[in-house]
Amino acid sequence: MGGESGLKSREVSAMIKQGFIPDPTLSFSPSRTFSPPPSSTRPSPTQPQAHPHTQTLFDMMSEEHKFSDDKRRKAQDRLSKLLREPALLEGGDVRLTVVGRDGLRVSMEVRKSVLAEKSRFFAEKLRCDGAVSHSVEISDCDDVEVYVEAVVLMHCEDLKARLRSMGDGVPKVLSLLKVSAAIMFDLGVMSCLEYLESIPWSEDEQEEVISQLEHLQIHDSAVEVLQRVSSDPSTADRADDIFLNLISGVLQAKDDKARREMKALLSKLLKENAPNDSSRLDVSKDTLYHLCHKCISSLLLCLSEATGGDERLDRGVVMSDITREADNIQWIVDILIGKKIGEEFVEIWAEQKELAALHSKVPTVYRHEISRITAQLCIGIGRGHILVPKETRFSLLSTWLEALYEDFGWMRRASRAVDRKLVEDGLSQTILTLPLLQQQAVLLNWFDRFLNKGDDCPNIQKAFEIWWRRAFIRQYSAEPDNSQLQITLSDYPS
């Protein structure tokens, strides 16, 4: 009988990693002990002292050792408190020892009936005669405290209250969930999942929750928890309509402060939708260009009303609407450029001859925001973010460059958001991408204007210098190569 009992005792085997390890040599004692921390190494009295303001390697090691000791001491304090829980003070017929990777060792006596009832793993491993005592060790644990907490949880009647009282939030509950799943403590698993479903998560915690649930492969039990991050299959189909409604709402917003805040928010969120990540839902090109055409039509109507001479209209409101619609276009163009789909808009903007003609009839104080759109496009072209043919680039300047010159003084004075150097560099680079004769026409016109307007005209003299050198100093002549490559065929001697 004794041999059979010893055999049954030794059947308790691998639980987690190295698992439950039977140790018949362990004494069966009601005491609960910690292994003492390793002694620290002290310098000898003859060891030379470092300068008081110089941190030596020994000082750094001592500080690290002190921090490790302090952390270990706090862990032991928490464990001492756990081991004073009434459930563990009652003793039992199974001695359970938990050993951490850092050597920390905790022993406790627990009732086999509780372990077997609450854990399917224990129920399997402890299936034997009631008179047999067991000594079980869980070794190589990541966190001894969590394992002890899981044992305490098995003895609780109200698990939700216990989890709430811990006050350590998501990280601690995830650790308990991991251990509960490993020992098949089903009630513990469900209680942890219910707790996670009930509390808020930070974004970092959200990633950890998803990762843990995927790793533990308990999705069937975790459906409720994951609902807050799981997209409905129909969301992908409706995504573009959602984006359209959100952006349209911002374009038509009544409160200027709220409108600015939501513009910034949507811009940030849309930039997070990387174009090379096919798994992310993003606003479509068609939706953005639909909104562009709508805003341009509204701007054209506002300019027509402003120049129509209808005395019944409130000119102040009309002028305000011009500024607003121009700002709307700037925002959408910024999104297009950020998503590298701005080429079509350059063509659309270059064709707005009627809009450019009406622009010149509106006071500069109201119309200068329109010229910021042209500046945006020149900056995008100059940085290589917008790639359009030379015909389109020249058409853009032909339609809107005069307006940009006229409004430049107001642009830089009235708007803090306008970076003069950025605009001048973008305009310079755009001009320099044109054929040389077109560069000449644009820059000679600029030269005369700059002499008369000074600081109220963009200073693009660097572009002028480069054109000058191209035209008069480092002339390049694309002469045809008249040399002919001659190929002679001959028989190879056999």
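Trp-446 is buried, with a relative accessible area of 3%, where buried denotes under 20% relative accessible area, calculated with a 1.4 Å probe on protein chains only. The model is predicted, so that local features need pLDDT of at least 70 and side-chain atom pairs count only at pLDDT 80 or more, whereas totals for chains, interfaces and linings use all residues. Residues are numbered from 1 along each chain as its sequence is written, and side-chain values use heavy atoms, with hydrogens and water left out.

Rings of Phe, Tyr and Trp (the six-membered ring of Trp) pair if their centres lie within 6.5 Å, with planes under 30 degrees apart counting as stacked, over 60 as edge-to-face and the rest as tilted; by this rule there are 12 aromatic pairs. Phe-345 and Trp-349, a stacked pair at 5.9 Å centre to centre and 15° between the planes, both lie in helix H16 (residues 343-350), four residues apart. Phe-345 counts as buried at 1% relative accessibility, as does Trp-349 at 0%. The rings of Trp-446 and Phe-464 have centres 6.0 Å apart and planes at 45°, so this pair is tilted.

Definitions and conventions:
Helix = DSSP H or I, 4+ residues; strand = E, 2+ residues; numbered from the N terminus. Buried < 20%, exposed > 50% of the residue type's maximum accessible area, 1.4 Å probe, protein only.
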